[in-house]
Amino acid sequence: MAGTPMLPLFPLQAVLVPGAVMGLRVFEPRYLDMVGECGRSGHGFGICLIAEGDEVGAPAVPAEFGTEAVIEDFGTDDDGLLTLRVRGERRFRVLATSVRDSGLVEARVDWLEEVPSAARLRPEHALLGTLLERIFDQVGRPPGAEGSIDDAVWVGWRLLEMLPMPEERRAAMLGVDDPHKRLDGLLELIG
(Lines give C-alpha, C1' and ligand atoms only; values in the text may rest on other atoms or scores of the structure.)
Protein backbone atom coordinates (compact mmCIF):
# COMPACT_ATOMS: atom_id res chain seq x y z
CA MET A 1 0.00 0.00 0.00
CA ALA A 2 1.38 3.37 -0.96
CA GLY A 3 2.05 5.60 2.00
CA THR A 4 2.35 2.68 4.46
CA PRO A 5 5.32 3.36 6.73
CA MET A 6 8.19 0.96 6.34
CA LEU A 7 9.48 -0.88 9.40
CA PRO A 8 13.28 -0.78 9.74
CA LEU A 9 14.71 -4.27 10.24
CA PHE A 10 17.63 -5.57 12.27
CA PRO A 11 18.22 -9.04 10.78
CA LEU A 12 20.02 -11.40 13.20
CA GLN A 13 21.08 -15.02 13.59
CA ALA A 14 18.59 -15.14 16.50
CA VAL A 15 14.83 -14.85 16.95
CA LEU A 16 13.04 -12.46 19.30
CA VAL A 17 9.64 -13.67 20.52
CA PRO A 18 6.87 -11.54 22.02
CA GLY A 19 7.56 -10.72 25.65
CA ALA A 20 11.22 -11.80 25.49
CA VAL A 21 14.14 -9.51 26.29
CA MET A 22 17.23 -9.39 24.08
CA GLY A 23 20.51 -7.54 24.41
CA LEU A 24 22.06 -6.00 21.31
CA ARG A 25 25.40 -4.36 20.56
CA VAL A 26 25.06 -1.73 17.85
CA PHE A 27 28.07 -0.50 15.88
CA GLU A 28 27.22 -0.33 12.18
CA PRO A 29 26.24 3.19 11.04
CA ARG A 30 22.98 1.97 9.45
CA TYR A 31 21.79 0.56 12.78
CA LEU A 32 23.03 3.53 14.81
CA ASP A 33 20.95 5.75 12.50
CA MET A 34 17.98 3.39 12.88
CA VAL A 35 18.19 3.55 16.69
CA GLY A 36 18.28 7.36 16.49
CA GLU A 37 15.19 7.38 14.26
CA CYS A 38 13.36 5.02 16.60
CA GLY A 39 14.27 7.21 19.58
CA ARG A 40 12.95 10.34 17.86
CA SER A 41 9.76 8.70 16.59
CA GLY A 42 9.02 6.56 19.63
CA HIS A 43 8.55 3.52 17.36
CA GLY A 44 10.25 0.17 17.46
CA PHE A 45 12.06 -1.77 14.76
CA GLY A 46 11.74 -5.32 13.50
CA ILE A 47 13.99 -8.24 14.34
CA CYS A 48 13.95 -11.11 11.86
CA LEU A 49 16.08 -14.20 11.53
CA ILE A 50 18.49 -13.93 8.61
CA ALA A 51 17.30 -16.13 5.75
CA GLU A 52 20.32 -15.31 3.56
CA GLY A 53 23.47 -13.35 4.33
CA ASP A 54 25.30 -12.29 7.47
CA GLU A 55 24.72 -9.93 10.40
CA VAL A 56 27.53 -7.60 9.34
CA GLY A 57 28.26 -6.22 5.90
CA ALA A 58 25.94 -6.50 2.91
CA PRO A 59 22.19 -6.25 3.64
CA ALA A 60 20.79 -9.63 4.71
CA VAL A 61 17.57 -11.17 3.47
CA PRO A 62 15.12 -11.44 6.39
CA ALA A 63 12.96 -14.45 7.20
CA GLU A 64 9.22 -14.22 6.53
CA PHE A 65 8.19 -13.61 10.15
CA GLY A 66 9.62 -11.32 12.81
CA THR A 67 8.87 -9.44 15.99
CA GLU A 68 8.78 -5.74 16.73
CA ALA A 69 11.54 -4.75 19.16
CA VAL A 70 10.90 -1.88 21.57
CA ILE A 71 13.92 -0.29 23.24
CA GLU A 72 13.69 -0.52 27.03
CA ASP A 73 17.20 0.64 27.96
CA PHE A 74 20.48 1.62 26.38
CA GLY A 75 24.06 2.28 27.38
CA THR A 76 27.62 1.63 26.26
CA ASP A 77 29.84 -1.37 26.84
CA ASP A 78 33.55 -1.42 27.78
CA ASP A 79 34.47 -0.91 24.11
CA GLY A 80 32.28 2.19 23.87
CA LEU A 81 29.72 0.45 21.66
CA LEU A 82 26.02 1.22 22.01
CA THR A 83 24.14 -1.49 23.88
CA LEU A 84 20.38 -1.92 23.83
CA ARG A 85 17.93 -3.96 25.83
CA VAL A 86 14.85 -4.56 23.73
CA ARG A 87 11.59 -6.38 24.41
CA GLY A 88 9.59 -8.27 21.80
CA GLU A 89 6.15 -6.85 21.14
CA ARG A 90 3.97 -7.49 18.06
CA ARG A 91 4.61 -10.20 15.48
CA PHE A 92 4.63 -9.41 11.79
CA ARG A 93 4.92 -10.99 8.38
CA VAL A 94 7.27 -9.40 5.86
CA LEU A 95 5.38 -8.52 2.67
CA ALA A 96 8.09 -6.65 0.78
CA THR A 97 11.54 -5.25 1.51
CA SER A 98 13.71 -2.48 0.22
CA VAL A 99 17.23 -1.37 1.08
CA ARG A 100 18.10 2.24 1.88
CA ASP A 101 21.28 3.82 0.52
CA SER A 102 22.80 3.25 3.98
CA GLY A 103 22.26 -0.51 3.62
CA LEU A 104 19.41 -0.61 6.15
CA VAL A 105 16.74 -3.14 5.20
CA GLU A 106 13.18 -1.99 5.76
CA ALA A 107 9.94 -3.83 5.18
CA ARG A 108 6.29 -3.34 4.52
CA VAL A 109 4.70 -5.68 7.04
CA ASP A 110 1.38 -7.22 7.96
CA TRP A 111 0.91 -7.09 11.74
CA LEU A 112 -0.33 -10.45 13.02
CA GLU A 113 -3.25 -10.53 15.42
CA GLU A 114 -2.57 -12.01 18.83
CA VAL A 115 -5.14 -14.19 20.52
CA PRO A 116 -6.23 -12.58 23.78
CA SER A 117 -4.46 -13.97 26.82
CA ALA A 118 -7.74 -15.54 27.95
CA ALA A 119 -6.73 -18.68 26.02
CA ARG A 120 -6.40 -21.28 28.79
CA LEU A 121 -3.87 -24.09 28.70
CA ARG A 122 -5.67 -27.23 27.51
CA PRO A 123 -5.26 -30.58 29.33
CA GLU A 124 -3.22 -32.01 26.45
CA HIS A 125 -0.71 -29.17 26.97
CA ALA A 126 -0.46 -29.48 30.77
CA LEU A 127 2.95 -31.15 30.39
CA LEU A 128 4.24 -27.93 28.78
CA GLY A 129 3.10 -25.86 31.75
CA THR A 130 4.91 -28.28 34.08
CA LEU A 131 8.02 -28.16 31.88
CA LEU A 132 8.04 -24.36 31.99
CA GLU A 133 7.72 -24.38 35.80
CA ARG A 134 10.68 -26.77 36.02
CA ILE A 135 12.75 -24.57 33.70
CA PHE A 136 11.96 -21.57 35.92
CA ASP A 137 12.96 -23.61 39.00
CA GLN A 138 16.34 -24.34 37.36
CA VAL A 139 17.22 -21.03 35.72
CA GLY A 140 14.72 -18.52 37.11
CA ARG A 141 12.19 -16.46 35.22
CA PRO A 142 13.47 -14.28 32.39
CA PRO A 143 13.46 -10.52 33.14
CA GLY A 144 9.93 -9.15 33.07
CA ALA A 145 8.38 -12.58 32.41
CA GLU A 146 5.14 -12.03 34.26
CA GLY A 147 2.33 -14.31 33.30
CA SER A 148 0.40 -17.39 34.24
CA ILE A 149 1.19 -21.05 33.72
CA ASP A 150 -2.50 -21.41 32.80
CA ASP A 151 -2.22 -18.95 29.89
CA ALA A 152 -1.65 -20.81 26.61
CA VAL A 153 -0.29 -17.73 24.83
CA TRP A 154 2.20 -16.90 27.58
CA VAL A 155 3.38 -20.50 28.08
CA GLY A 156 3.93 -20.89 24.34
CA TRP A 157 6.01 -17.73 24.02
CA ARG A 158 8.11 -18.47 27.10
CA LEU A 159 8.88 -22.03 25.95
CA LEU A 160 9.63 -20.79 22.44
CA GLU A 161 12.02 -18.30 24.04
CA MET A 162 13.73 -20.78 26.38
CA LEU A 163 13.80 -24.22 24.75
CA PRO A 164 16.83 -25.16 22.68
CA MET A 165 15.86 -25.54 19.01
CA PRO A 166 17.07 -24.48 15.58
CA GLU A 167 16.44 -20.77 15.08
CA GLU A 168 14.69 -21.53 11.78
CA ARG A 169 12.08 -23.53 13.69
CA ARG A 170 11.68 -20.75 16.25
CA ALA A 171 11.19 -18.23 13.42
CA ALA A 172 8.59 -20.44 11.70
CA MET A 173 6.64 -20.70 14.98
CA LEU A 174 6.27 -16.89 14.95
CA GLY A 175 3.89 -17.40 12.05
CA VAL A 176 1.55 -19.70 14.00
CA ASP A 177 -1.43 -17.60 15.11
CA ASP A 178 -3.33 -20.19 17.16
CA PRO A 179 -1.63 -20.58 20.57
CA HIS A 180 -2.84 -24.19 20.88
CA LYS A 181 -1.29 -25.12 17.51
CA ARG A 182 1.91 -23.40 18.70
CA LEU A 183 1.83 -25.61 21.79
CA ASP A 184 1.17 -28.69 19.62
CA GLY A 185 4.34 -27.81 17.69
CA LEU A 186 6.29 -27.50 20.92
CA LEU A 187 4.98 -30.91 22.07
CA GLU A 188 6.24 -32.42 18.81
CA LEU A 189 9.63 -30.81 19.41
CA ILE A 190 10.09 -32.30 22.88
CA GLY A 191 8.33 -35.61 22.04
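On one side of helix 2 in this predicted model, the residues L127, R134, D137 and Q138 are exposed. The buried residues of the helix are L128, G129, L132, I135 and F136. They cover an arc of only 120° around the axis, which places them on the same side of helix 2. These buried residues pack against two other helices, namely helix 3 (152-162) and helix 5 (179-190).

Just after the helix, G140 adopts a positive phi of about 85°.

The setting of this helix is a protein chain with five helices and six strands. Along the sequence, these elements follow the pattern β-β-α-β-β-β-β-α-α-α-α.

Overall values for the protein chain are as follows.

| Property of the protein chain | Value |
|---|---|
| Span of the C-alpha trace along the principal axes | about 50 × 40 × 30 Å |
| Residues that count as buried, of 191 residues | 43% |
| Accessible surface | about 9,900 Å² |
| Share of accessible surface belonging to carbon and sulfur atoms | 51% |

Among contacts with a separation of 6 or more, 64% are between residues 24 or more positions apart.

Note on methods. Residues numbered from 1 in each chain as written. Predicted model: local features only at pLDDT ≥ 70, side-chain atom pairs only at ≥ 80, totals over all residues. Heavy atoms only, no water. Buried < 20%, exposed > 50% of the residue type's maximum accessible area, 1.4 Å probe, protein only. Helix = DSSP H or I, 4+ residues; strand = E, 2+ residues; numbered from the N terminus. Arc of directions from axis to C-beta. Contact = heavy atoms within 4.5 Å. Areas by Shrake-Rupley, 256 points an atom, 1.4 Å probe, with all protein chains shown as cover.
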